[in-house]
Amino acid sequence: MISGDSAKSLKRGLSIECLKHLSLRRTKMRVDLLNIFLVLSGAWARVPALAGVCPSSPLQVTNRVCIKPDIDRPGSQKRPIDATTLEPSWRGPEHCVNNTCIFFSERVGDGIVLLTTERNAAIASNFPTVAKPKVNTLPFHDEKILGKGIGVIADRKIRKGELILNRTPTLMVQANSHLELEPGTRDVLYDLAVQKLPRTGQELFMGQMGKDVYDKIEMNCFQLYIDGPNESGRHIGCYPEISRFNHDCRPNVHYRINNMTHTTVAARDIAPGEELTISYIELLLSREERRSRLRRWGFECACSHCHVSDKEAAQSDARLQQILELESALENFNETVVTADTGAQVAALYEKERLHTYLGAAYTRAALNCALFGEEKKAQVLARAAADALEREIGPDSADAKAMRVLAEDPRKHWTWGKRRKAKPAKAH
């Protein structure tokens with residue numbers, strides 16, 4: 001986290017009114033990706049919708065996570081989520097205010113407490129959970145970092161794609177209740193809720209930055225949806241161990257939230273002694289735009305990418321602008337600009353900019369573009385790169401990653417094949 005005298009309400013996007021303007025570019029890119037190639041190929045009616053992607057910015061107010069009946073993992077048993085019955089190991093409802101009640105269980109993670117409705121509690125309590133590993137198996141430690149406060153430092157080399165953390169929330173509150181409850185009533189309810197946690201859970205939660213429970217939620221927590229797109233399912237989930245990951249404009253850690261389980265994965269190789277970081281904001285912004293956005297919360301970015309020379313910053317800004325222009329050309333299929341290699345050019349720019357958490361969509365776009373132009377070998381290489389990135393970003397069993405594996409296996413059988421390949425002129429007799 002950032003030092004205590006910095007305003008860190010930016011941290012996980014809970015200053016709701018300040019965040020409504022933030023870009024949904026990751027979700028938009030995902031939708032655009034499908035739309036572009038359906039339009040180009042004329043294949044609207046023949047293509048099933050792609051699986052949902054969990055955007056990775058905690059600051060996106062309408063960031064809706066992948067809501068699935070189970071966490072995809074080898075050997076998992078699929079079962080429907082019960083939206084009417086609280087799982088037997090849970091307790092509640094208690095201390096209800098209107099429809100907001102306390103529900104809790106000591107058997108989930110280090111303990112969990114919810115402040116929500118009975119329906120939402122039933123849904124959440126029936127989500128599959130993951131076993132928490134022993135602390136000594138973690139590949140990092142917490143450390144005080146000059147100018148940043150507490151951060152997370154790698155103890156050994158962490159390889160690209162390696163799972164770092166899998167955690168359920170310690171505390172989760174319905175977003176509307178957090179925003180609308182009368183402050184005095186809300187604070188009493190919050191104090192009662194934290195007391196329901198086991199000692200370890202209490203220590204973890206209270207060890208976060210913030211003067212009281214409300215402040216800690218504002219400064220440290222993530223937004224998630226647990227009931228599909230229903231606004232009543234929008235919650236704020238607090239993951240104390242994740243709250244120590246500092247911001248970087250070129251992060252080395254990607255995260256996703258499935259159901260209510262928060263997963264962090266190495267977006268690239270991380271060296272021993274290197275800090276583990278995530279991003280709090282949209283990253284396809286110029287240095288000045290990023291700084292300006294972060295300063296709105298009193299936060300001066302200390303990352304290395306913001307401290308390059310003015311010349312290097314200008315070069316980086318130019319590459320970002322080129323990405324946006326080429327993506328627009330791909331989206332609208334500007335025939336004077338777009339070639340078989342345009343998508344790959346965009347992906348290379350993402351790599352050059354070290355935007356490792358954005359590579360899934362970039363390589364997917366590039367692979368599909370090559371398939372459209374009938375470039376078999378290039379499509380295969382790019383589709384494999386896309387599948388690898390998507391497995392890191394969405395999960396190893398994601399439908400999108402599997403779709404890219406299918407494309408890599410035989411581009412000629414893919415629905416995009418050759419849709420933009422120019423016909424050869426007929427030979428003269």
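Me: How far is the sulfur of Cys 301 from the closest cysteine sulfur, and in which residue is that sulfur?
Reply: This is a predicted model, and the distance is computed from its atoms. A pair of cysteine sulfur atoms counts as a disulfide within 2.5 Å, and the closest cysteine sulfur to that of Cys 301 is too far for a bond. Cys 301 itself is buried, with a relative accessible area of 3%. The distance is 3.4 Å, and the sulfur belongs to Cys 303.

Me: How many disulfides does the count come to?
Reply: A disulfide is a covalent bond between the sulfur atoms of two cysteines. One of them joins Cys 96 to Cys 101, with 2.1 Å from S to S, and another is formed by Cys 221 and Cys 238, whose sulfur atoms are 2.0 Å apart. The count comes to two disulfides.

Me: Is Cys 96 buried or partly exposed, and what is the handedness of its link with Cys 101?
Reply: Cys 101 has a relative accessible area of 4% and is therefore buried, since the limit for buried is under 20%. Cys 96, at 42% relative accessibility, counts as partly exposed. The angle about the S-S bond of Cys 96 and Cys 101 is 115°, and the link is right-handed.

Me: How many residues apart in sequence are the parts that the pair of Cys 221 and Cys 238 ties together?
Reply: Cys 221 and Cys 238 form a disulfide, and the torsion about their S-S bond is about 100°, so this disulfide is right-handed. Cys 221 counts as buried at 0% relative accessibility, and Cys 238 likewise counts as buried at 0%. Because Cys 221 lies in the loop between helix H7 (213-220) and strand S8 (222-225), while Cys 238 lies in strand S9 (residues 234-238), the pair ties together parts that are apart in sequence by 17 residues.

Me: Which residue holds the nearest cysteine sulfur to Cys 249?
Reply: Cys 249 is buried, with a relative accessible area of 0%, and it is in no disulfide. The nearest cysteine sulfur is 3.6 Å away, and it belongs to Cys 306.

Me: Where is His 305 placed, and how far apart in space are His 305 and Asp 248, C-alpha to C-alpha?
Reply: His 305 is in the loop between H8 and H9, and it is buried, with a relative accessible area of 8%. Leaving out residues up to four places away in sequence, His 305 touches Cys 249, Arg 250, Arg 287, Arg 290, Ser 316, Glu 353 and Arg 354. His 305 and Asp 248 are 57 residues apart in sequence, and their C-alpha to C-alpha distance is 8.0 Å.

Me: What arc around the axis do the buried residues of H8 cover?
Reply: In helix H8 (residues 287-295), the buried residues are Arg 287, Arg 290, Arg 291, Arg 293 and Leu 294. They lie on the same side of H8 because the arc they cover around the axis is only 165°. Strand S10 (246-247) and helix H9 (310-332) are included in what covers these buried residues of H8. The arc is 165°.

Me: Where is the place of Asn 259, and what is its phi?
Reply: Asn 259 is in the loop between strand S11 (253-258) and strand S12 (261-266). Asn 259 is buried, with a relative accessible area of 0%. Its phi is positive in a residue other than glycine, with a value near 55°.

Me: How much space lies in the largest cavity?
Reply: Four cavities of 30 Å³ or more are found in a search of the whole structure. Among the 14 residues that line the largest cavity, the closest to its centre are Gly 109, Asp 110, Arg 167, Thr 168 and Glu 241. By class, that lining has five nonpolar, five polar and four charged residues. The space in the largest cavity is about 120 Å³.

How values were computed:
Residues are numbered from 1 along each chain as its sequence is written. This is a predicted model: local features need pLDDT of at least 70, side-chain atom pairs count only at pLDDT 80 or more; totals for chains, interfaces and linings use all residues. Side-chain values use heavy atoms; hydrogens and water are left out. On a 1 Å grid over the protein atoms alone, a cavity is a set of points where a 1.4 Å probe fits but cannot get out, and a pocket is an open set with protein on both sides within 12 Å along at least five of seven lines; lining residues have an atom within 4 Å of a point. Grid points are joined across faces, edges and corners, and a volume is the space filled by probe spheres set on the points. Ala, Val, Leu, Ile, Met, Phe, Trp, Tyr, Cys and Pro count as nonpolar, Asp, Glu, Lys and Arg as charged, and the others, Gly among them, as polar. Buried means under 20% relative accessible area, exposed over 50%, partly exposed in between (1.4 Å probe, protein chains only). Helices (H or I, at least four residues) and strands (E, at least two) are DSSP runs, numbered from the N terminus. The arc is that of the directions from the helix axis to the C-beta atoms. Contact means heavy atoms within 4.5 Å.
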